[in-house]
Amino acid sequence: MKGSVYRRCGCRDPGTRRPLGQQCPDLKKRGHGGWYFRYDAPALAGQTRRRPEFGPFETKKRAEEELAAELARVGGGAPVTDRSLLVRDYLDTWLAGKKLRLKPDAYTSYAEACELYFKPGVGHLRLVELRDRHLQDLVTAMTQINQPLPDSEKPSEMLRRLVAVRADDTRKMLPNGEARHKKSTKPLSSARIEREFAVIRAALNDAIPSKILISPFNGVVLPRVDKAKSLVWTPAREARFRAELGKRLAGAEAAADDEDRVLTIVERQALWAARDLRPVPSMVWMPAHAGEFADYLDRTGERLAVLFIVAMYTGMRRDELLGLTWSEIDLDEGAASVLETASGDGPKSEAGDRVVPLSPTAVTALRAWRKVQVTDRLAWGPDWPGKDRVFTREDGTEVPGQWTSTRFEILAFRAGVPPVRFHDLRHGTASLLKRRGVALNAAFRRRRGGAVAGAAALPGRLQGAADRARDTPWIRGSWLLVALDDRMWRPDRLRRLAG
């Protein structure tokens, strides 16, 4: 199989308007015209010869390299590369195929990554001409979003394109002195950039070998991401947290006094929930904290207390809990099958499709909760929705996921315990199982579908603190530590819950 490299331009004869081709007097001038190549491609049906043309290229060397690569591909039986295919067009085709396999939420995140970053950043380039330097420039531009630039540095063209496609602030009225800006003002974290680039990496890998020989992602350096870890709210960490919180509350109260007003509960909760007061974003409660929280739910008669209890004691994700149906729970056998989620997408991964064992405490709590729900169903009659969800509102409607996390934060603040996220309850589950003497591999089986981030969150030197908490008057008898002894809830608490 042969090929040739040549140079030509678009000049035409003034009289005949025919292309001059090789007769153009300016063809030998530097920068005039471009370099092309042809090769003898496999003939199609009904053809005797086919010589496709590719170009233009800036240099002869580049044209020769592309010719060699194309001959190697065609000689190996690979399809002929479409050199006119742009990155944005390839991403559209790739996303259309992914939509058939991805869950709706996953597909939405893939499409958002392409629309916000890869199409405006490198979408105008030809796929075969995309190089690692282009992607590296995109990484740099993404790290500069919503970040101040040095005085002497102007935003790059790529950064301008990325900012232009971001959503605008649509507020009708702005506070005095505030200029109109984009809706999101937060810089992109290193972890966010890594997640977004996982999309383009997958897209480029899928393009091999039908459209490109190697992935231009190879050699791209992403910002360093610190591995997420969970830490326990030890007494020392809690004391440091409360000391700093006290200082901030004092400053906020002084500022409120100057304005002749009282610091609101919402403002106090915002200070308590400040992320920079926590050693790491993912914090785990000690058993005493979980017990104090459960006692508060008991004292206040929180309607969905069982939802938080089951979350702490099974390690299930929020969406999995809210998607549970009674038909997938066997209270006699003490097991719950995770087959769907509240969003309807199914578990997060194939490993998330699992059977979760329920402790005697969780089984008893769910039995009592079912009585409450049956009473509500009878009260609402035909207006009760037809879904078989385990956790519902009083009228039978589904419990929103974000509302669940917000409600949990409010209750934890009112209970006076250190802040943790609702998701972090599942990290503490493995520690509780370990405290009960459950083998760590059993904890892994129970927590399939995600890393057991909190499996060893309660180090051995803290087990004594957990033992001492058992003898503390305010925690003695709480559902959590009673459960550690494989006993049921207190009968009086069950009677109140069952009504």
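Me: I have learned that two strands pair if DSSP finds at least two bridges between them. How many bridges join S1 to strand S2?

Reply: Good place to start, and keep in mind that we are looking at a predicted model. In general, strands of a sheet pair through backbone hydrogen bonds, and the pairing is either parallel or antiparallel. Here, S1 and strand S2, residues 34-39, run antiparallel and are joined by six bridges. You can find some of the facing residues yourself: Gly 3 stands opposite Tyr 39 in S2, and Ser 4 stands opposite Arg 38 in S2.

Me: What order do the three strands of the open sheet have?

Reply: The order is S1-S2-S3, with antiparallel pairing. Strand S1 (3-8) and strand S3 (53-57) each have a single partner strand, so they stand at the edges and one side of each has no neighbour in the sheet. From one strand to the next, the twist averages 25°.

Me: How many of the six residues of S2 are buried?

Reply: Five of the six are buried, so S2 is largely enclosed by the rest of the structure.

Me: Now for cysteines. How many disulfides does a search of the whole structure find?

Reply: A disulfide is a covalent bond between the sulfur atoms of two cysteines. In this structure the search finds zero. To see why, remember that the two sulfur atoms must lie within 2.5 Å. For Cys 9, the closest cysteine sulfur is in Cys 24, 3.6 Å away, which is too far for a bond. For Cys 11, the closest cysteine sulfur belongs to Cys 9, also too far for a bond at 3.6 Å.

Me: Is Cys 9 buried or exposed?

Reply: Cys 9 counts as buried, with 10% relative accessibility, because the cut-off for buried is under 20%. Cys 11 is partly exposed, at a relative accessible area of 24%.

Me: Last topic: how much space lies in the second largest pocket?

Reply: Rolling a probe the size of a water molecule over the atoms shows where empty space is left. In this model, the second largest pocket holds about 310 Å³ of space. It is lined by 18 residues, and those closest to its centre are Val 128, Arg 131, Ile 212, Leu 213 and Ile 214. Sorted by class, the lining has eight nonpolar, seven charged and three polar residues.

Me: Which helix gives the most to the lining of the second largest pocket?

Reply: That is helix H1, residues 60-75, which gives four residues.

Note on methods
Residues are numbered from 1 along each chain as its sequence is written. This is a predicted model: local features need pLDDT of at least 70, side-chain atom pairs count only at pLDDT 80 or more; totals for chains, interfaces and linings use all residues. Side-chain values use heavy atoms; hydrogens and water are left out. Helices (H or I, at least four residues) and strands (E, at least two) are DSSP runs, numbered from the N terminus. Axes are lines fitted to C-alpha atoms, for helices over the stretch in contact, and angles run from 0 to 180 degrees between N-to-C directions. On a 1 Å grid over the protein atoms alone, a cavity is a set of points where a 1.4 Å probe fits but cannot get out, and a pocket is an open set with protein on both sides within 12 Å along at least five of seven lines; lining residues have an atom within 4 Å of a point. Grid points are joined across faces, edges and corners, and a volume is the space filled by probe spheres set on the points. Ala, Val, Leu, Ile, Met, Phe, Trp, Tyr, Cys and Pro count as nonpolar, Asp, Glu, Lys and Arg as charged, and the others, Gly among them, as polar. Buried means under 20% relative accessible area, exposed over 50%, partly exposed in between (1.4 Å probe, protein chains only).
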